[in-house]
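Please load the model in your viewer and keep the sequence panel open.

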Amino acid sequence: CLRLFSQHSLLSGCVLRALQLVPIENRIGVTGSVMYPSILDAVPMLPKRNILVEPSSKNTAPCIALAVRHILRLEEGTMVIWPCDHYIESNLDWLACTKEALAKVDNSPLVLVGIRPSFPADSYGYIEADKGMEILSFHEKPNPVTAKRYLKDGFLWNAGVCIARASSLFDLFQQYLPGCANLITAEDIDEKWTDVENISFDYGILERGSGFRLVEYAKGWSDLGSWDAIHPFLDKRESNNAYRGKDRLITIDSQNCSVLDDRTRPVALIGVSDLVVVSSDNGLLVMKRSDSQRVREVVQRIDEHKNTN
């Protein structure tokens, strides 16, 4: 887990951010088996029993169902679902927005946080709501022309941040994704995992449900779900190369590359452009910036290889 903006990784920063909301024993992380050892190192303050491991890599709906299962086996509770790959400029403002959303869960099966757009992004999904902030529809990543129209019409970016009671989420899974509901009630998740649909929470629940509410967040935020999205936040060098590391980057005739290195060895780029290079003790990743969304394919391959050995 690389440290991008401070002494904390995005994951440990997310866990620490929740300190003002819930005690440490009430924080849960869900991850794949490939990342599990790194998660233990990155957030040693998180109890091991609260780190849930997926039997194999699937999508966000089964991931959230595992967390619902964990909570309901203990007691009823309200869930705040935070992706850990977000850049949050102000923790205080973010927590205030989250508390505003928490105050609305008694009047809605699910509350989402929408981000006020700062530009017409074509890499984010959008949420349309009425004047009373009841959600009308979800829109997938638009083309640039449509993104400008969404911005003009007051749509908000979909941050993937949801707040709901665990029992409400279970009801939604029962209604729209019965395979996930069966996973929640199962004694042995391995027996039910193969029957669980590989589907995102957005497709499986959000776009099918109704009566959801929206809370707007208007401060600094960015989804860092791809390595390309990190480029604007790194230190800029010559020819728009971006770098975060031990100040041992050498570039010759290279442009528009992002390099993240948490080791002390030099990194040299010669005659290349638009690359992402990530170097850590866990491995080396080199790819085109335009392919940065495909990292999940690598994780899946590693997961499959581990399960067959």
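Contact here means heavy atoms within 4.5 Å. This is a predicted model, in which local features need pLDDT of at least 70 and side-chain atom pairs count only at pLDDT 80 or more, while totals for chains, interfaces and linings use all residues. Residues are numbered from 1 along each chain as its sequence is written, and side-chain values use heavy atoms, with hydrogens and water left out.

**Whole view.** Start with the cartoon: the protein has ten helices and 17 strands (DSSP runs numbered from the N terminus: H or I of at least four residues for helices, E of at least two for strands). Its C-alpha trace spans about 60 × 50 × 35 Å along the principal axes. Of contacts between residues at least 6 apart in sequence, 59% join residues at least 24 apart.

**First stop: R17.** Select R17, which lies in helix 1 (residues 10–17). Is R17 buried or exposed? R17 is buried, because its relative accessible area is 13% and buried means under 20%, exposed over 50%, and partly exposed in between (1.4 Å probe, protein chains only). Now show W82, I88, N91, W94 and L95: R17 is in contact with these residues, leaving aside its neighbours within four places in sequence.

**Second stop: I270.** Move on to strand 15 (residues 267–270), where I270 is found. At 59% relative accessibility, I270 counts as exposed.

**Back to the whole.** Zoom out again to finish: buried residues make up 45% of the 309 residues in the protein.
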